[in-house]
Amino acid sequence: MSSGTEKHALVPYGLYVKVWLGLIALTVATVAVSFLDMKNTVILTAMLIASVKSTLVLLYFMHLRFERPLFTIMLVAVILTYGVFISLTFLDYSFR
Amino acid sequence: MSGEHAIKAHGAEHTEHHDPVANKIGMWLFLFTELILFGGLFIAFAVYLHLYRWDFRAGSGSLDKILGAVNTVILLTSSLTMALAIAALSRKKVKASLSLMAGTVLLAVMFLGVKAVEWGHKFHLDLVPGSSVMQNKPMGEQIFYALYYTMTGVHALHVIIGIGAIAVAAGFVKSGRCHAERPGLLENVGLYWHLVDVIWIFLFPLFYLIG
């Protein structure tokens with residue numbers, strides 16, 4: 001990366017199409033699962049699938065997989081900070 | 001503009017100052033603020049879901065899962081065409097890149113169209129915050145709808161801004177100011193577009209699928 005030009009490994013078109021197929025499959029899965037009567041695990045399952053989908057978008061469409069680690073480290077720091085917000089909010093609400 | 005100053009300051013030995021990594025870091029920092037903006041709304045959703053679990057499930061049951069899923073597929077596909085537009089530009093295929101951007105905008109407009117149909121249907125039923133129909137609903141359902149309009153509304157606003165950003169990037173690509181050796185602008189617009197997609201990936205199940 002020391003040269004002036006931006007070094008980008010050319011990501012093959014096919015990889016994006018494969019990721020997209022995966023995202024569509026997961027969308028179908030999350031809708032299909034929602035028709036089952038799962039009572040307590042509905043939200044958990046939906047959030048798990050959404051997390052996998054957004055990880056795919058972040059890694060491939062948003063190129064985190066091909067960038068230097070700095071970007072992923074920054075994102076993880078933001079997610080952890082957000083985790084602190086959520087934990088503090090629920091600590092508050094759970095003991096009122 | 002700062003590039004011109006750099007040329008003047010350092011004479012001919014430096015060409016224009018250009019730092020693609022800083023460029024991208026700046027964009028990501030902005031995206032983090034977007035994550036926290038929606039993050040606050042998601043926390044509000046989580047708290048009220050926790051307090052009014054059954055009302056939220058009733059509210060969610062009133063939304064059309066299939067329309068929501070169709071919109072998810074539309075937005076995911078627009079993310080694909082955006083990623084392909086950037087891939088095409090880096091292979092110097094300007095025409096293909098512009099067509100893919102046009103496709104992305106078309107899909108974005110379709111997304112807004114479906115959204116308009118959904119909102120229109122709710123308006124038709126007078127399910128609007130403050131209406132008498134709404135005030136007769138249980139408290140949790142009222143909050144569910146308030147969050148539904150706020151969160152999908154702020155998201156739709158991002159889609160509209162995204163359409164504008166893609167149009168600007170397309171203009172730069174067309175005029176040759178954004179090209180294979182310097183694709184930063186298009187890449188950053190792409191990052192914004194994908195983030196809008198990531199947010200929808202969470203909005204969709206939370207609103208449509210918990211019923």
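A:H63 counts as buried, because it has 20 C-beta neighbours inside 10 Å, and 20 or more is the condition for that class. The model is a predicted one. A:H63 belongs to the loop that joins α2 and α3 of chain A. Its phi is positive, about 65°, although A:H63 is not a glycine. Most residues other than glycine have a negative phi.

A residue of chain B also has a positive phi without being a glycine: for B:D126 the value is near 65°. B:D126 is placed in the loop between α5 and α6 (132–135) of chain B. Is B:D126 buried or exposed? B:D126 is exposed, because 10 other C-beta atoms lie within 10 Å and the class takes residues with 12 or fewer.

B:S99 sits in helix α5 (residues 94–124) of chain B. With 15 other C-beta atoms within 10 Å, B:S99 is partly exposed. B:S99 and B:T81 are 18 residues apart along the chain, and their C-alpha atoms are separated by 9.2 Å.

| Residue | Other C-beta atoms within 10 Å | Class |
|---|---|---|
| A:H63 | 20 | buried |
| B:S99 | 15 | partly exposed |
| B:D126 | 10 | exposed |

Helix α8 (residues 184–208) of chain B and helix α7 (residues 139–175) of chain B have axes that come within 10 Å and cross at roughly 160°. α7(B) is therefore roughly antiparallel to α8(B), since angles over 145 degrees count as such. The crossing of these two helices, α7(B) and α8(B), is left-handed. On the α7(B) side the contact includes B:Y148, B:M151, B:H155, B:H158 and B:F172, and on the α8(B) side it includes B:L185, B:Y192, B:W193, B:W200 and B:F207. Sorted by class, the contact of α7(B) with α8(B) has 18 nonpolar and 4 polar residues, and no charged ones.

α8(B) also packs against helix α4 (residues 65–90) of chain B: their axes come within 10 Å and cross at roughly 165°. That angle makes α4(B) roughly antiparallel to α8(B). The crossing of α4(B) and α8(B) is left-handed. Among the residues that make the contact are B:K65, B:T72, B:S79 and B:M82 of α4(B), together with B:E187, B:W193, B:H194, B:D197 and B:W200 of α8(B). The contact of α4(B) with α8(B) has 11 nonpolar, 5 polar and 3 charged residues. B:W193 and B:W200 of α8(B) take part in the contact with α7(B) and in the contact with α4(B).

How many residues of chain A are in contact with chain B? The count is 34 residues of chain A against 34 residues of chain B. On the side of chain A that touches chain B, α1 (13–35), α2 (42–61) and α3 (69–94) of chain A each supply at least two residues. α1(A) gives the most to that side, with 10 residues. By class, the side of chain A that touches chain B has 24 nonpolar, 8 polar and 2 charged residues.

Chain A is divided by the domain assignment into domain 1 (10–65) and domain 2 (68–96). Taken over C-alpha atoms, the centres of domain 1 of chain A and domain 2 of chain A are separated by 22 Å.

Notes
Residues numbered from 1 in each chain as written. Chains lettered and ligands numbered in written order. Predicted model: local features only at pLDDT ≥ 70, side-chain atom pairs only at ≥ 80, totals over all residues. Axes fitted to C-alpha atoms, helices over the stretch in contact; angles between N-to-C directions. Helix = DSSP H or I, 4+ residues; strand = E, 2+ residues; numbered from the N terminus. Parallel < 35°, antiparallel > 145°, perpendicular 65-115°, else oblique. Left-handed = near helix turned anticlockwise from the far one by under 90°. Contact = placed C-beta atoms within 7 Å. Nonpolar A, V, L, I, M, F, W, Y, C, P; charged D, E, K, R; others polar. Domains from an automatic or database assignment.
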